[in-house]
Amino acid sequence: KETEEVFKVKKSSYSKKIVKQLKKEYKEDLEKSKVRTEVNSPTDVEPPLEKTGQIKDIGQEDGTANSEHGEEEMEVESEKEEEKPKAGGAFSSALSSLNVLRPGEIPDAAFIHAARKKRQMARELGDFTPVDSEPGKGRLVREDENDASDDEDDDEKRRIVFTVKEKSQRQKIAEEIGIEGSDDEALVAGEQDEELSRWEQEQIRKGINIPQACIYQPAEVNNLYYQNTYQTLSYGSSYGIPYTYAAYGSSETKSQKTDNTVPFKTPSNEMTPVTIDLVKKQLKDRLDSMKELHKANRQQYTKHQQSREDSTKAIERLEGSSGGIGEQYKFLQEMRGYVQDLLECFSEKVPLINELESAMHQLYKQRASRLVQRRQDDIKDESSEFSSHSNKALMAPNLESFGRDRVIYQEQVKRRTAEREARRARRRQAREQTGKMADHLEGLSSDDEETSTDVTNFNMERDRILKESSKVFEDVLESFYSIDCIKSQFEAWRSKYFASYKDAYIGLCLPKLFNPLIRLQLLIWTPLEGKCRDFETMLWFESLLFYGCEEQEQVKDDADISLLPTIVERVVLPKLTVISENIWDPFSTTQTSRMVAIVQKLVDGYPSVVNAENKNTQMLLKALLLRMRRTLDDDVFMPLYPKNILENKNSGPYLFFQRQFWSSVKLLGNFLQWYGILSNKTLQELSIDGLLNRYILMAFQNSEYGEDSIKKAQSVIACFPKQWFANLKGDKTISQLENFCRYLVHLADTIYRNSIGCSDVEKRNAREHIKQVIKLLASIRALDHAVTVANDHNVKELKILIEGK
């Protein structure tokens, strides 16, 4: 009844529209409060305003209260709520007895002042510690600041976490109006009682289900700052719930974690009904998901186990193989330092070795050039002496044809002639002592005799070069110039760590590394001399002969197997090239034989030399050909004399002619010694086209037709390699010998014509000469010419002559 009376009074003070708006806002605030209740702990939930004493009865007057009086009444009630203390204990009970007001009664100034005095007394006694008001209420804040306690640490420990949030003036009015109800909405009071009952049940249920209290952390901070502590108020004191929250700051509360909070959802009446099939389905889905998760975990476990086993094996393998890595690293570092020092040493010594080698080559070249020049001068002197074309009347009395002083020239010619004749006399005497005088022909001997002065100067210079060569490595340790020491270093590397040895291409570097040391030992090596030592018997060859030939199985494509062939290719062949170009004399049969022997030995014993792509071999063959062509152009001379002059076989022109002819035949034989090394085409071009057809056939035409010509022809044919004619098919010889064959046919006809009218003895001799000509033609496979000669001269023993060739 009281509530209805109050609501009637308020209804007359407010419009119906305002009342509906306030009730709507109150419900929204109530829903928000429920949401906070579900999210936060029970301590975060505000109790109903009616239970906490936050809502007071609003006084009313009988009769006609206007809206202005209602507003003043709300302001007084708001101020009274702001000044109302929020605490428990003795002070709370005293204040409750003091503030007993009748419903609708408005407290006056004396009542408010008495309440303040009571609160001041309670503050002095320590039973109550005020809480900071909201920031907007400056008067209460100033009074509370004056009452702050000095012992802040004790106050913080005694603070209570849970507080009731102050309501705004609109919320208080809305709550009052919503509780009172109106005539138009009769069910409002009943709904509020039902909501209050449901809220109490939810809080009781949460208090029972939650095992421990949680620290309240408000979602919205209203700038409340607790300066002092106050007496702990039991949460369930108003509702009869036996549960008390610990004071803020205690050790038990601090040890508790906010994560232990168990959210509790508001039970809903619209939940899906639980059936056995639903439970089975959920359990089955849960079991399937757990099985899939278990399967994935098993696979991951197996993968980790395999990874662990692989890692363990790798660790064991690395630990087992790491034993020799340190030693290998140390060895390779030492080898690196040794090779760097060796290369630095060679970078200083190789220029000296090159200078010494060049000096030795120049010394031999000067001697060879001196001998060649002396031979050319002798030929010129004899040619000018026996020339029938010289016209002394046309020459100046004191000058020869080239403008030189004739007296000086004649003195030089006399001196050279005397020396030449003296050398020939000594050679003739030596042949007589050895019994070779009968078989010797003038021009077959090599005029390579030197004077004692030249020999002495040559030996002195050579000794000086050798002495300088012995000083090249006198300031160097033996391990940096001895082939044995250097070889032992790389052999140790090969035997210990062959993989790194092969990766470093040491087998390809060793020939170049040993090159300067070997060239220093080959400094005086000249295969043209009879006393020259074979390079295969030298120390460097014997030292490197078995390098890389261990007892173990040979590795495929091992470069060390070809170490010696590579050294021969890069050291011996270049030296032979220099010798062939500057020192070798093709007119010397002895030098040519020795040169052919050494080259043939390289061709037969070293396959890399025969390789057509070998640049060093190509350079050697090119040097040989150039030297032979130069000799053919510069040193060959065939004089032409009338037959009446050549009839006197003791005259100087005849002897000079015979000497030049036999020297040309000797050169022909020297050229053809290169058969098997040079190609047949090249040899035929040099020997037949360049020498036989150009010079020797000219001498045949001036020779006496008879036994002398046959003997010379036999000497020429004896120089030809028999392999040229062994594989010829048909009755014709090689094309280059056609001129020589026609000369032999002409020789047979001349012999036959000269025998006509002679005695029978001379005719028989002529017939024998003709048969010899047929044999010569058959020996060079000129069967067509041999048949022609036999038919012309009625020689019936043709078959016997051909087979007995």
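Leaving aside neighbours within four places in sequence, which residues is Glu 529 in contact with? Tyr 364, Arg 367 and Arg 594. Keep in mind that this is a predicted model.

Where does Glu 529 sit? In the loop between helix H18, residues 506–521, and helix H19, residues 539–544. Glu 529 counts as buried because its relative accessibility is 17%, and the cut-off for buried is under 20%.

Arg 367 forms a salt bridge with Glu 450, and their closest N and O atoms are 3.8 Å apart. This pair links distant parts of the chain. Arg 367 is in helix H13, while Glu 450 is in the loop between helix H14 (406–434) and helix H15 (452–470), 83 residues apart. Buried or exposed? Arg 367 is buried, at 18% relative accessible area. Glu 450 is partly exposed, at 23%.

Glu 450 also forms a salt bridge with Arg 370. Here the closest N and O atoms are 3.2 Å apart. Arg 370 lies in H13 and Glu 450 in the loop between H14 and H15, so this pair ties together parts that are 80 residues apart in sequence. Arg 370 is partly exposed, with a relative accessible area of 32%.

Staying with charges. How many salt bridges does a search of the whole structure find? The search finds 24. Take Arg 494 and Asp 560: their closest N and O atoms are 2.5 Å apart. Arg 494 is in helix H16, residues 483–496. Asp 560 is in the loop between H19 and helix H20 (563–582), 66 residues apart from Arg 494. Both residues of this pair, Arg 494 and Asp 560, are buried. There is also a network of salt bridges. It links Asp 378, Glu 382, Arg 420, Glu 421, Arg 423, Arg 424 and Arg 659.

Now the nonpolar side. In soluble globular proteins, nonpolar side chains tend to be buried together. In this model, the largest nonpolar core has 125 residues. Those with the most contacts inside it include Phe 490, Phe 535, Trp 540 and Trp 674. Which helix gives this core its largest share? Helix H13, residues 325–386, with 13 residues.

Look at Trp 674. Turn to Leu 624, which sits in helix H23, residues 615–634. Leu 624 is buried, at 0% relative accessible area. Beyond its neighbours within four places, Leu 624 is in contact with Ser 580, Trp 584, Met 595 and Trp 674. Leu 624 and Thr 577 are 47 residues apart in sequence, yet 7.7 Å apart in space, C-alpha to C-alpha.

Last stop: two helices. The axes of H26, residues 680–702, and H27, residues 707–719, come within 11 Å and cross at roughly 160°. The cut-off for roughly antiparallel is over 145 degrees, so H26 and H27 are roughly antiparallel to each other. The crossing of H26 past H27 is right-handed. Which residues meet there? Leu 692, Ile 696 and Phe 700 in H26 meet Ser 709, Lys 712, Ala 713 and Val 716 in H27.

Methods:
Residues numbered from 1 in each chain as written. Predicted model: local features only at pLDDT ≥ 70, side-chain atom pairs only at ≥ 80, totals over all residues. Heavy atoms only, no water. Helix = DSSP H or I, 4+ residues; strand = E, 2+ residues; numbered from the N terminus. Buried < 20%, exposed > 50% of the residue type's maximum accessible area, 1.4 Å probe, protein only. Contact = heavy atoms within 4.5 Å. Core = buried A, V, L, I, M, F, W, Y, C linked by side-chain atoms within 4.5 Å. Salt bridge = Lys/Arg side-chain N within 4 Å of Asp/Glu carboxyl O. Axes fitted to C-alpha atoms, helices over the stretch in contact; angles between N-to-C directions. Parallel < 35°, antiparallel > 145°, perpendicular 65-115°, else oblique. Left-handed = near helix turned anticlockwise from the far one by under 90°.
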